[in-house]
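Please look through the sequence and the structure before reading on.

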Amino acid sequence: DRCHIASFFGFDSVLWKIGVPTNLLLSIEADLAKIDQLRLFTIDNAALVYGGEENNRPEVTQFMAYLNGMAARLDCSVVLSTHKSKSTDGSTLRSASGSTAWINSARHVLEITPETPESGPKLTVIKSNCLKPGDAIDLYWTEEGVLDAIKPPDSLEQRIATNAVDTAVIEAVRAGWAKGTPYSSSPRSPDRYLPEMLARAKGLKAAHVKNG
């Protein structure tokens with residue numbers, strides 16, 4: 001019930017045209033703003049939604065800046081997928097076709113590599129404003145035919161999840177003190193028990209909050 005999928009197959013799905021957002025993008029943002037505790041908006045893919053010239057650096061920068069601003073306004077992450085450039089030279093800036101602004105204007109760039117005889121599929125950080133490039137999440141195909149993450153101890157995904165829990169705990173503790181109703185670490189106070197409260201409000205697991 002937290003996943004909303006919309007298909008525009010056979011319809012005009014352009015979100016950016018003639019240097020401005022289309023009415024479709026504006027209406028999508030308005031609809032997303034109505035979703036409580038929105039966490040992620042994924043667009044698949046750039047070639048289908050960008051109606052400008054992919055080699056025009058100023059226009060690409062404007063489009064990416066709009067998506068960054070949209071993420072800030074909605075307080076969520078925005079993921080824009082794109083196909084890897086066929087003429088890549090192995091460098092970060094050439095990982096996507098068109099202008100280098102596709103890479104430079106993104107906060108993070110992640111690359112999915114397919115499985116090989118030597119290793120499985122992998123999601124690798126190739127550019128980031130706050131993570132070390134080269135960090136990777138190993139993936140595997142589930143029985144349902146979807147990619148899922150292998151979660152070894154101290155993996156990138158595990159560190160990101162732990163940071164999210166830490167941030168939620170700190171914010172809740174500060175809010176409790178500010179309201180004069182501090183939360184409790186004791187399950188004997190069910191109405192103020194912090195792990196259970198965060199589990200209900202943030203969709204976190206109480207055990208993760210307790211251990212963190």
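A residue is called buried when its relative accessible area is under 20%, and exposed when that area is over 50%. The model discussed here is a predicted one, and within its chain of 212 residues the buried ones make up 30%.

**Helix H3**

Helix H3 covers residues 57-74, and its 18 residues reach 26 Å from the first C-alpha to the last, which is close to the 26 Å expected at 1.5 Å a residue. Its buried residues are Glu59, Val60, Phe63, Met64, Tyr66, Leu67, Met70, Ala71 and Leu74. Seen down the helix axis, these buried residues of H3 fall within an arc of 145°, so they line one face of the helix. On the other side of H3 lie Arg57, Pro58 and Ala72, which are exposed.

**Helix H1 and the cores**

In H1 the buried residues are Leu25, Ile28, Glu29 and Leu32. Viewed down the axis of H1, they fall within an arc of 100°, so they too line one face of their helix. The cover over the buried residues of H1 includes strand S2 (20-21), S3 and H3.

Which residues touch the most other members of the largest nonpolar core? Of the 26 residues in that core, they are Leu32, Phe41, Phe63, Met70 and Trp102. At least two residues of this core are supplied by each of H1, S3, helix H2 (46-49), H3 and helix H4 (101-104), and the largest share, seven residues, comes from H3. Leucine 32, leaving aside neighbours within four places in sequence, is in contact with Leu38, Phe41, Met70 and Leu74. There is also a second, separate core of five residues, which includes Ala168, Leu194, Met197 and Leu198.

**Loops and cysteines**

Two loop residues can be set against each other. Aspartate 36 sits in the loop between helix H1 (23-32) and strand S3 (40-43), and its C-alpha atom is separated by 9.5 Å from that of arginine 2, although the two residues are 34 residues apart along the chain. Serine 99 is found in the loop between strand S4 (77-80) and H4, where, not counting residues up to four places away in sequence, serine 99 touches Glu54, Asn55, Asn56, Arg57 and Val60.

| Residue | Relative accessibility | Class |
|---|---|---|
| Cysteine 3 | 60% | exposed |
| Aspartate 36 | 56% | exposed |
| Cysteine 76 | 10% | buried |
| Serine 99 | 6% | buried |

Aspartate 36 counts as exposed because its 56% relative accessible area is over the 50% cut-off, whereas serine 99 counts as buried because its 6% is under 20%. As for the cysteines, the structure holds zero disulfides, and cysteine 3 is exposed at 60% while cysteine 76 is buried at 10%.

Key:
Residues numbered from 1 in each chain as written. Predicted model: local features only at pLDDT ≥ 70, side-chain atom pairs only at ≥ 80, totals over all residues. Heavy atoms only, no water. Disulfide = S-S within 2.5 Å. Buried < 20%, exposed > 50% of the residue type's maximum accessible area, 1.4 Å probe, protein only. Helix = DSSP H or I, 4+ residues; strand = E, 2+ residues; numbered from the N terminus. Expected span 1.5 Å × (residues − 1). Arc of directions from axis to C-beta. Core = buried A, V, L, I, M, F, W, Y, C linked by side-chain atoms within 4.5 Å. Contact = heavy atoms within 4.5 Å.
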